[in-house]
Amino acid sequence: MSENFTAEKLLNTLVETLEKQKSGSFHVEVKANSMTSQFNKLFGREKPVHHILGGGKSADVLLWRDKKISAAVLTAATTIWLLFEWLNYNFLSLLCLALVLVMSVQFLWTNASGVFSSDRKPSKAPRLVLPKDFFVNIATAVGAEVNRGLRFLQNVSCGGNLKQFVIVVVCLWAGAVIGNWFNFFTVVYIGFVAAHTLPVFYEKYDDQIDNFVYKVLDQMQNQYRKVDFGLLSKIPKGKKLE
């Protein structure tokens, strides 16, 4: 009886140990998969795309939460681009035609309302009034973005990091090449369309895009290591400014 009890006890202890190891390996595997999935998010992203875009109504428009508003904004931008680029309107002529249209509507509203109303009194036409700080807010926002861009470029040029300097110069050179292909207004329109299509596309297919981007980045990193080992590492680095 004593030997049977001891053997049974040893067998139960062995089974429990194997179950704990199996359970522990399963939790480790799940944790590893979770960490890998989090690591593979583009640029280490942990928050939703809507939160990264700032949230609020602007993010709703970019992510097509309200399809009517997003479609209206994109249609308006496309219409403006077609008027300037395809129909060759300039800003002054388009502004004058828009003012003529608005004044004509207000004139007809004021005079026709008196004819169709029962008391024969003309109703007041709606008027457009811009807020006093409208253009001030625009200028402040644009100025802040311009200063941030200038600060970044000057930090790169004065920081003594040759690799970062070369990358920024190549990006600026690519921008100059693109500027030869399209004018400034077309480049702005392309950026506007990209802002209203790429985020929602990425939000829908984020896993596939993340995997593809990281594969491309790995290949680019391998090529950069070859260039760095053969050329860039032999160039003396400047002293960093304190």
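Helices (H or I, at least four residues) and strands (E, at least two) are DSSP runs, numbered from the N terminus. The model is predicted: local features need pLDDT of at least 70, side-chain atom pairs count only at pLDDT 80 or more, and totals for chains, interfaces and linings use all residues. Residues are numbered from 1 along each chain as its sequence is written, and side-chain values use heavy atoms, with hydrogens and water left out.

**Exercise 1. Overall make-up**

Task: State how many helices and strands the protein has, and describe its burial, contacts and surface.

Solution. 
- Step 1. Count the elements. There are 9 helices and 0 strands. From the N terminus on, the order reads α-α-α-α-α-α-α-α-α.
- Step 2. Check burial. Buried means under 20% relative accessible area, exposed over 50%, and partly exposed in between (1.4 Å probe, protein chains only). Of the 242 residues, 13% count as buried.
- Step 3. Check contacts, meaning heavy atoms within 4.5 Å. Take those with a separation of 6 or more: residues 24 or more positions apart account for 50% of them.
- Step 4. Check the surface (Shrake-Rupley method, 1.4 Å probe; for residues, only the protein chains shown count as cover). The accessible surface comes to about 20300 Å². Carbon and sulfur atoms hold 68% of that area.

**Exercise 2. The buried face of H4**

Task: Identify the buried residues of H4 and say where they lie around the axis.

Solution. 
- Step 1. List them: Ser 70, Leu 74, Ala 77, Trp 81 and Phe 84.
- Step 2. Find their arc (from the directions from the helix axis to the C-beta atoms). They cover only 95° around the axis, which puts them on the same side of H4.
- Step 3. Recall the geometry. An α-helix has 3.6 residues a turn, so residues three or four places apart point the same way.
- Step 4. Take Phe 84. Its relative accessibility is 18%, so Phe 84 counts as buried. Leaving out residues up to four places away in sequence, Phe 84 touches Tyr 89, Asn 90, Phe 91, Leu 94 and Phe 185.
- Step 5. Compare sequence with space. Phe 84 and Phe 185 are 101 residues apart along the chain, and their C-alpha atoms are separated by 8.7 Å.

**Exercise 3. The aromatic cluster**

Task: Classify the ring pairs that Trp 81 forms with Trp 86 and Tyr 189.

Solution. 
- Step 1. Set the cut-offs. Rings of Phe, Tyr and Trp (its six-membered ring) pair if their centres lie within 6.5 Å; planes under 30 degrees apart count as stacked, over 60 as edge-to-face and the rest as tilted.
- Step 2. Search the whole structure. The search finds 5 aromatic pairs.
- Step 3. Take Trp 81 and Trp 86. Their ring centres are 6.2 Å apart and their planes stand at 50°, so the pair is tilted. Trp 81 is buried at 15% relative accessibility, whereas Trp 86 is exposed at 64%.
- Step 4. Take Trp 81 and Tyr 189. This pair is stacked: 4.8 Å centre to centre, 10° between the planes. Trp 81 lies in H4 and Tyr 189 in H8 (residues 184-204), so the pair ties together parts that are 108 residues apart in sequence. Both Trp 81 and Tyr 189 are buried.
- Step 5. Join the pairs. Trp 81, Trp 86 and Tyr 189 form one aromatic cluster.
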